[in-house]
Amino acid sequence: MMKWVSVFLILQMSSSVFATSIKKYFKAKEWQKIVDIYQSNKKASFTEKEFGMISEALRNREQFREDISLNIRFIRIYFNSEHSKLMKEIRSGASTDSEQFSDALKHSYWSIINDLAQIIKGIKKKSPEVEKDFKQFQMFSKIMEALEFNEGKTDKLVSNVQSHMIYLEEKIYRFSGSLVFNYISWQSEVNLQGTETAKLLVTNRGYCLGGDAGVENYRYHFFVDGCLLIGSGEINNKDAQPEYQQSNVPSYGLKAGPGASVIVSSSKSRIGLKIPFVYTIQNFEEPSPTSGNNYTVKQKSPLTMQVSLYSRFNLNAWFIQTEIGQYIGNDEIFWGLGFGKSY
Amino acid sequence: MNTIKFFLIILNLLLPLKGFTYANFIGHGYTSCLNCHFNPLGNGPLNDYGRAVAATAISSDAFYPKSWNEEKIAYTSGFLFRKPKQEWLRTQINYRGFRLVSNPNGENEQVRWINMQFDARLILKFGENDKFIMVGSYGRSPLPDPPPPGDDQSLWRSREHYVGYRFTSAFGIYAGLMDQAYGIRVIEHNSFSRTLPELTQNDQTHGVLLHYLTQSFEVGLHGHTGNLSQEKELRMEGGSLTVEKTLFTTHRLGASLKKTGNEFKDILSYALHGRFNLKEGSALLGEIGQVKRTTLNNADEKDGRYGLFQTYLRPWRGLYIFSNIEYVDDDLKDENYSVRWGPGIQYFPIQRIELRFDLYNQRSFNPGASTSDQWTYLLQSHVWL
């Protein structure tokens with residue numbers, strides 16, 4: 001018997017020591033000291049007021065998970081039956097008379113939901129842990145709704161957390177692909193070789209059928225795209241010797257390369273850069289010999305590289321895209337206007 | 001132009017720049033021009049709401065003090081940077097000028113500064129929801145090149161003066177000098193969709209416009225008497241009609257018809273167009289049309305065709321990156337046509353200021369011929385008070 005009385009007296013004494021210290025540090029806003037006392041005496045029996053002061057200290061020191069544990073313990077000690085009753089009412093779908101429940105309990109729920117919001121908003125990457133926290137958050141938002149406590153603030157908090165969860169989801173890179181059909185035009189240089197070499201310009205137009213594959217999240221799209229191009233071109237050398245002209249010279253080839261874009265609207269419209277390689281084959285008839293000179297007409301280079309500015313405008317899965325680019329090392333321009341479908 | 005210069009220009013302009021465009025603001029959810037303009041089909045002075053939208057949703061907020069909220073910014077959108085004290089009078093001043101460079105870095109490079117617009121506008125408005133309005137503008141503007149025959153060839157002119165009365169929110173009548181009701185009113189007066197059907201910066205007409213607007217439809221029926229400042233035999237008389245249908249509450253599909261003529265020529269043009277809201281300021285505009293031009297005694301008849309495709313992206317508030325893709329076949333009898341491709345940037349750093357860069361590459365497609373592309377760029381400033 002004496003032993004139990006001694007334990008009781010020691011606990012009473014230590015509790016009153018906590019009370020004095022916690023109260024003193026709380027007034028001085030020395031949150032860390034309160035947290036230290038709590039950490040060293042987690043199993044001590046605190047009064048309702050002490051729980052409140054420790055909770056505030058933990059929140060100020062951003063120890064949100066610790067604060068959740070503290071508040072759950074507080075509810076179990078002081079409001080277990082009220083909590084059970086409330087949960088039963090929520091589960092049954094019955095209406096709740098919030099007046100029946102203590103303000104201290106409501107404040108404790110409010111602390112927990114705020115802690116969960118802070119934890120979730122501090123997470124930068126989606127994980128099973130954040131999903132678990134979000135489930136708990138949703139449960140406490142139902143409690144707050146049933147109690148009609150801090151309604152406006154709760155709505156704002158819920159909206160913020162939901163937005164953050166959507167953001168975490170949208171940050172995840174996922175595979176994306178599309179099929180694209182483009183109307184294109186490009187110019188290229190060919191060499192007219194005789195005793196001297198002259199540059200001629202070919203103006204081509206045609207189509208490019210292909211697609212892209214890559215990864216994208218809500219903001220960025222990284223991809224490799226390619227298409228098979230088929231077209232024809234016009235070439236002439238009317239104002240110089242030898243006179244030379246050809247129409248509808250067939251051209252075919254491949255255009256492929258990496259690209260990246262920034263998604264700028266919720267419709268997934270985007271703008272970006274591509275660095276494609278273009279390989280084309282175009283065979284020209286040779287000009288008639290003039291004054292005993294033989295001439296040949298050859299592509300300057302079948303393989304070229306471009307830098308292009310491209311944009312895409314989505315109407316649901318379908319999109320329209322534009323592209324304009326310049327050959328590296330040449331003055332000529334390539335452009336394309338097309339449509340496609342995302343998968 | 002070489003590759004490095006081409007992309008330096010692009011990159012330079014990706015740094016802070018902006019613009020103030022109009023039909024593409026469907027990308028902000030404004031399907032009808034009447035939301036922001038006194039003229040129900042757009043162009044001309046902004047109404048109070050339009051000025052507030054230009055100051056808030058359209059222009060960047062980067063240069064305002066942090067303590068300013070949207071309400072305060074909107075409050076300063078009035079003529080003297082404050083909300084007018086009376087309801088019946090509004091004044092506006094507009095300046096638009098640009099540096100135009102043709103064939104940059106080429107042998108025939110031409111650099112010009114053009115003061116495109118410098119005008120003052122006066123609006124009198126009375127009644128509930130500005131039921132009765134009187135709108136006038138007067139200012140200095142350059143003559144078209146070449147100047148139109150019979151025009152008074154003055155640099156000072158009114159491009160707009162009219163009265164309007166809205167019997168209901170759905171129906172109104174407007175009479176006076178206005179832009180013609182036809183197609184998409186893009187800001188680029190040199191676009192083929194404006195030059196071919198003769199809808200350029202000085203092609204306004206006196207006449208009467210009937211305007212009908214509901215959630216689903218917008219109709220403008222315009223009777224033209226020609227511009228009365230021209231000699232009588234040169235005035236293009238006739239009429240035009242434009243109809244738009246709202247699709248899925250955010251997009252518009254439309255059609256236009258115009259028949260005008262004077263003693264020397266007749267024009268019949270018709271077009272289909274679409275404006276699509278791609279959200280948060282991004283938009284697509286497209287118009288395809290055909291124009292039949294007949295000269296005196298049917299001596300010469302030409303059918304021409306044009307296409308316009310404009311794309312707008314808004315990476316962040318105040319900045320629009322756009323493309324102008326245009327096609328024109330002046331005479332369908334031959335196989336020649338041109339395509340003009342123009343990426344650009346429009347930046348509204350703060351309300352009342354628009355900075356804009358347009359780069360144009362024009363390519364000609366002619367059977368049996370291959371010519372170098374033509375390049376042009378312009379750097380434009382627009383200030384409105």
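User: Which residues of helix 3 of chain A do A:Trp31, A:Ile34, A:Val35 and A:Tyr38 meet?

Analyst: Happy to start there, keeping in mind that this is a predicted model. The four residues you name sit in helix 2 of chain A, which spans residues 31–40. Their partners lie in helix 3 of chain A, spanning residues 48–60. Those partners are A:Met53, A:Ile54, A:Ala57, A:Leu58 and A:Asn60.

User: How many residues in the contact of helix 2 with helix 3 of chain A are nonpolar?

Analyst: Sorting the residues of this contact by type gives one polar and no charged residue. The nonpolar ones number eight.

User: At roughly what angle do the axes of helix 2 and helix 3 of chain A cross?

Analyst: Two packed helices are described by the angle between their axes and the distance between the axes. Here the axes of helix 2 and helix 3 of chain A come within 8 Å. The crossing of these helices is left-handed, and its angle is roughly 115 degrees.

User: Now for chain B: is B:Ser269 buried or exposed?

Analyst: B:Ser269 is found in strand 10 of chain B, residues 265–277. A residue counts as buried if 20 or more other C-beta atoms lie within 10 Å of its own. B:Ser269 has 24 such atoms within 10 Å, so this residue is buried.

User: Which residues is B:Ser269 in contact with, leaving aside its neighbours within four places in sequence?

Analyst: With those neighbours left out, we look for contacts from elsewhere in the sequence. The residues that B:Ser269 touches are B:Pro197, B:Lys258, B:Gly289, B:Gln290 and B:Val291.

User: How many residues does the largest nonpolar core have?

Analyst: In soluble globular proteins, nonpolar side chains tend to be buried together. In this model, a second, separate core of 23 residues includes A:Ile68, A:Phe101, A:Ile112 and A:Ile119. In the largest core, the residues with the most contacts inside it are B:Ala283, B:Leu284, B:Leu313, B:Tyr320 and B:Ile321. That largest core has 64 residues.

User: Finally, which element gives the largest share of the side of chain A that touches chain B?

Analyst: Between the chains, 33 residues of chain A are in contact with 32 residues of chain B. On the chain A side, the elements giving two or more residues include strand 1, strand 4 and strand 8. The residues of that side divide into 16 nonpolar, 14 polar and three charged. The largest share, five residues, comes from strand 8 of chain A.

Definitions and conventions:
Residues are numbered from 1 along each chain as its sequence is written. Chains are lettered from A and ligands numbered from 1 in the order in which they are written. This is a predicted model: local features need pLDDT of at least 70, side-chain atom pairs count only at pLDDT 80 or more; totals for chains, interfaces and linings use all residues. Two residues are in contact if their C-beta atoms, placed from the backbone, lie within 7 Å. Ala, Val, Leu, Ile, Met, Phe, Trp, Tyr, Cys and Pro count as nonpolar, Asp, Glu, Lys and Arg as charged, and the others, Gly among them, as polar. Axes are lines fitted to C-alpha atoms, for helices over the stretch in contact, and angles run from 0 to 180 degrees between N-to-C directions. A crossing is left-handed if the near helix is turned anticlockwise from the far one by less than a right angle, and right-handed if clockwise. A residue is buried if 20 or more other C-beta atoms lie within 10 Å of its own, exposed if 12 or fewer, and partly exposed in between; C-beta atoms are placed from the backbone. A nonpolar core is a set of buried Ala, Val, Leu, Ile, Met, Phe, Trp, Tyr and Cys residues joined through C-beta atoms within 7 Å.
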